[in-house]
Amino acid sequence: MDLSNSNTHKNLEAAFGGESMANRKYLFFADVAKKLGMTDLSKLFKDTANQETEHAFAHFRLLHPELVADDPAKLTEEEKKKIISRCLELAIEGETYEYTTMYPEFASQAKTDRDESAATEFKEQEKESKEHAAIFRKAASNFGFLTSIENHHADRYTEALKGLDGVSPSPKATSDDPSNRKWICKVCSMIYDPTVGDPDSGIAAGTAFEDIPEDWNCPICGASKKSFVPYEEAIAA
């Protein structure tokens with residue numbers, strides 16, 4: 001019986017999303033508490049986050065029973081390959097949606113919100129309007145960076161899926177030209193493209209990574225410049 005269009009299926013998806021979000025929020029709260037020296041509260045948030053993960057997993061198993069392996073030892077290699085292939089397919093589907101639809105739409109909306117909200121509120125309260133405009137501008141910038149990150153993730157999953165069928169990875173290399181050599185953050189996979197720069201951080205388009213000030217930080221996760229390594233791209237055939 002196909003349950004994909006049922007209300008229960010939609011509710012399971014919503015529950016999975018809610019529990020997953022709770023997990024990440026509580027881990028963030030745990031990090032905040034740890035930095036504030038409140039170790040007991042940090043542990044409380046972490047313990048609860050782990051419980052939320054189990055709740056999310058339970059919902060996801062019901063959404064995708066084809067991925068449940070109760071006794072992996074009894075599975076054939078072909079059955080194992082089928083399960084992990086499905087995992088990769090779902091990962092590719094999610095990442096592709098994020099970089100082709102979700103983040104481009106979010107970036108466009110953030111720019112619209114920045115322009116419209118800033119223009120309206122400036123007449124009422126200059127300081128607050130400027131703060132809102134800055135938030136929207138930062139959101140638009142981050143959504144743009146995240147688009148390339150999710151594209152990178154999708155490419156990696158696609159290559160892994162092909163690898164299951166014995167397809168060798170495409171040859172990759174870094175550019176020899178600093179003016180277009182990309183760099184990737186080892187922490188969050190943010191990709192610095194010198195042709196785009198990081199205007200919100202004062203890094204103009206056309207700035208080679210080597211010329212960025214040493215105190216610059218990743219605009220997504222805040223990691224230091226030292227956390228970046230040259231980005232290898234597929235060599236054009």
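Which helices each supply at least two residues of the nonpolar patch? They are α1 (7-35) and α2 (39-63).

**Before you start**

This is a predicted model: local features need pLDDT of at least 70, side-chain atom pairs count only at pLDDT 80 or more, and totals for chains, interfaces and linings use all residues. Residues are numbered from 1 along each chain as its sequence is written, and side-chain values use heavy atoms, with hydrogens and water left out.

**The whole chain**

Show the protein chain as a cartoon. There are 4 helices and 5 strands. Both are DSSP runs, numbered from the N terminus: helices are H or I with at least four residues, strands are E with at least two. In sequence order the pattern reads α-α-α-α-β-β-β-β-β.

The accessible area of the chain is about 15,400 Å², and carbon and sulfur atoms own 55% of that. Areas come from the Shrake-Rupley method with a 1.4 Å probe; for residues, only the protein chains shown count as cover. Of the 237 residues, 28% are buried. Buried means under 20% relative accessible area, exposed means over 50%, and partly exposed is in between (1.4 Å probe, protein chains only).

Take contacts between residues at least 6 apart in sequence: 59% of them join residues at least 24 apart. A contact means heavy atoms within 4.5 Å.

**Stop 1: the nonpolar patch**

Select Phe28, Phe29, Val32, Leu36, Met38, Leu41 and Leu44. Together they form a nonpolar patch on the surface, with about 640 Å² of accessible area. Patches are made of residues with over 30% relative accessible area and no salt bridge; like charges are joined within 9 Å, nonpolar side chains (Val, Leu, Ile, Met, Phe, Trp, Tyr) within 5 Å. Helix α1 gives the largest share, 3 residues.

Stay on phenylalanine 29, in helix α1. Its relative accessibility is 32%, so phenylalanine 29 counts as partly exposed.

**Stop 2: aromatic rings**

The whole structure holds 12 aromatic pairs. Rings of Phe, Tyr and Trp (its six-membered ring) pair if their centres lie within 6.5 Å; planes under 30 degrees apart count as stacked, over 60 as edge-to-face and the rest as tilted. Tyrosine 26 and phenylalanine 29 are 3 residues apart in helix α1, so about one helical turn separates them. Tyrosine 26 is partly exposed, at 23% relative accessibility.

Next, select Trp183, Tyr192, Phe209, Trp216 and Phe228. Ring pairs link these residues into a cluster.

**Stop 3: salt bridges**

How many salt bridges does a search of the whole structure find? The search finds 11. Each is a side-chain nitrogen of Lys or Arg within 4 Å of a carboxyl oxygen of Asp or Glu.

Begin in helix α2. Aspartate 47 and lysine 43 meet in a salt bridge at 2.7 Å, N to O. They are 4 residues apart in the helix, so about one helical turn lies between them. Aspartate 47 is partly exposed at 31%, while lysine 43 is exposed at 51%.

Move to helix α3. Here the side chains of glutamate 77 and lysine 80 form a salt bridge (3.5 Å, N to O). These two are 3 residues apart, about one turn of the helix. Glutamate 77 is exposed at 60% relative accessibility; lysine 80 is partly exposed at 34%.

Then select aspartate 165 and lysine 81, a salt bridge of 2.8 Å, N to O. This pair links distant parts of the chain, 84 residues apart: aspartate 165 is in the loop between α4 (126-164) and β1 (172-173), lysine 81 in helix α3. Aspartate 165 is exposed at 56%, and lysine 81 is partly exposed at 25%. Elsewhere, salt bridges that share partners join Glu66, Arg86 and Glu89 into one network.

**Last stop: glutamate 93**

Select glutamate 93 in helix α3 (residues 77-122). This residue is exposed, with a relative accessible area of 53%.
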